[in-house]
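Subject: Structure for you to look through

Dear colleague,

Please find below the structure I promised to pass on, with the sequence beside it.

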Amino acid sequence: MPLAAAVCLLSFAVLWELTRRQGHRWAGAGIGLAAALKLTPALFALFLRVTAVVRTRSGAGNFPLGMTIEAAGVFCAATATAAVALPHDSLCFWTSMVFETGRVGHAENTAIQSLRGVLARLLHTGDPGAWWTAAAAVAMVLGLAVAVRAELRGERAWAAMACAVTTLLVNPVSWSHHWVWCVPVVVLLSAEGSRWALLGTVFGSYALWWVPHGTGRPELARSGGQMAHSALYPPTRTCFRVPAALRPWRRSRTA
């Protein structure tokens, strides 16, 4: 199965879960299974957990808590099943490979469209180290704040997309084909009549491939303009969080 198709299926599983009716006995299972297959969707479970805590403390109910528990249970069950079927591979992954982000290639690779990749190219290094850790932490906190606020305002679509954007930004290795989330993002913006929908043209321009890339690690010797061209995905997705953050605020001001 092509990698892009696999990512699409995982994205579909997450979106399907977030559109199911409240109280469904299997709500959250899709997120747990998706996270077991690829860790990236696990941030959606954290988003639901944070939302549950905020809603409970405000007396608005705890619906997302049940989804979080279901997601965690399915994740653990799927991971345990894999460990029984492939004990050696599972042990290697959870004790070593999960921490080796460099095993898939150099951090500055053009196809890596996460904050880590951008910083590696910007700093002309294959290991952005603490700079990436700090940037990812800030991006995750801000992204979750936007997502939770949108969810509390009843804006589930905006919350889901804000969380998806944050996931791709903080993931150590977000390949260009992982950005299939641009499709629902653009659909949402278009449906709302937002001028921000024009950001979707970035993902169809292939601009990141207009600059030197390939063998020999040419990304480490790029000029400022070339680095800007090869790093369009993360800032474009970061811009999406602007209308996602302002929309609930505007509604509360006019309520």
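Among contacts in the chain between residues at least 6 apart in sequence, what percentage join residues at least 24 apart? Please keep in mind as you read that this is a predicted model. The answer is 66%, taken over contacts between residues at least 6 apart in sequence.

The overall make-up comes next. The secondary structure of the chain consists of 12 helices and zero strands, and, of its 255 residues, 43% are buried.

I would then turn to helix H7, which covers residues 130-152. With 23 residues at 1.5 Å a residue, H7 should span 33 Å, and this agrees with the 33 Å that separates its end C-alpha atoms. The buried residues of H7 include Trp132, Ala136, Ala139, Leu144, Ala147, Val148 and Glu151. Just after H7 comes Gly154, whose phi is positive, at about 80 degrees.

In general, a pair of packed helices is described by the angle between the axes and by the distance between them.

Helix H3 (residues 42-58) has 17 residues, which at 1.5 Å a residue should span 24 Å, and its end C-alpha atoms are 25 Å apart, which agrees. H3 packs with H7 at an angle of about 55 degrees, the two axes being 10 Å apart, and that makes H3 oblique to H7. The crossing in which H3 passes H7 is right-handed. On the H3 side the contact is made by Leu43, Leu46, Phe47, Val50, Thr51, Val54 and Arg55, while H7 contributes Met140, Leu144, Ala147, Val148, Glu151 and Leu152. Sorted by class, this contact of H3 with H7 has 10 nonpolar residues, one polar residue and two charged residues. If you look for buried residues in H3, you will find Leu43, Phe47, Thr51 and Arg55 among them. As a general point, an α-helix has 3.6 residues a turn, so residues three or four places apart point the same way.

Helix H6 (residues 115-122) also meets H7, with axes that come within 9 Å and cross at roughly 140 degrees, which makes H6 oblique to H7. The crossing of H6 and H7 is right-handed. Here the contact is made by Leu115, Arg116 and Leu119 of H6, together with Trp131, Trp132, Ala135, Ala136 and Ala139 of H7. By class, the contact of H6 with H7 has seven nonpolar residues, no polar residues and one charged residue.

In the loop between H6 and H7 you will come across His124. As a general rule, most residues other than glycine have a negative phi. The phi of His124, however, is near 55 degrees, a positive value in a residue other than glycine. With a relative accessible area of 38%, His124 is partly exposed.

Finally, please look at Val186, which lies in helix H9 (residues 182-191). Is Val186 buried or partly exposed? Its relative accessible area is 23%, and therefore Val186 counts as partly exposed, since buried means under 20%. Leaving aside residues up to four places away in sequence, Val186 touches Ala197 and Gly200. The C-alpha atoms of Val186 and Gly200 are separated by 5.8 Å, although these two residues are 14 residues apart along the chain.

Note on methods
Residues are numbered from 1 along each chain as its sequence is written. This is a predicted model: local features need pLDDT of at least 70, side-chain atom pairs count only at pLDDT 80 or more; totals for chains, interfaces and linings use all residues. Side-chain values use heavy atoms; hydrogens and water are left out. Axes are lines fitted to C-alpha atoms, for helices over the stretch in contact, and angles run from 0 to 180 degrees between N-to-C directions. Helices (H or I, at least four residues) and strands (E, at least two) are DSSP runs, numbered from the N terminus. Angles under 35 degrees count as roughly parallel, over 145 as roughly antiparallel, 65 to 115 as roughly perpendicular and the rest as oblique. A crossing is left-handed if the near helix is turned anticlockwise from the far one by less than a right angle, and right-handed if clockwise. Contact means heavy atoms within 4.5 Å. Ala, Val, Leu, Ile, Met, Phe, Trp, Tyr, Cys and Pro count as nonpolar, Asp, Glu, Lys and Arg as charged, and the others, Gly among them, as polar. The expected span of a helix is 1.5 Å times one less than its number of residues. Buried means under 20% relative accessible area, exposed over 50%, partly exposed in between (1.4 Å probe, protein chains only).
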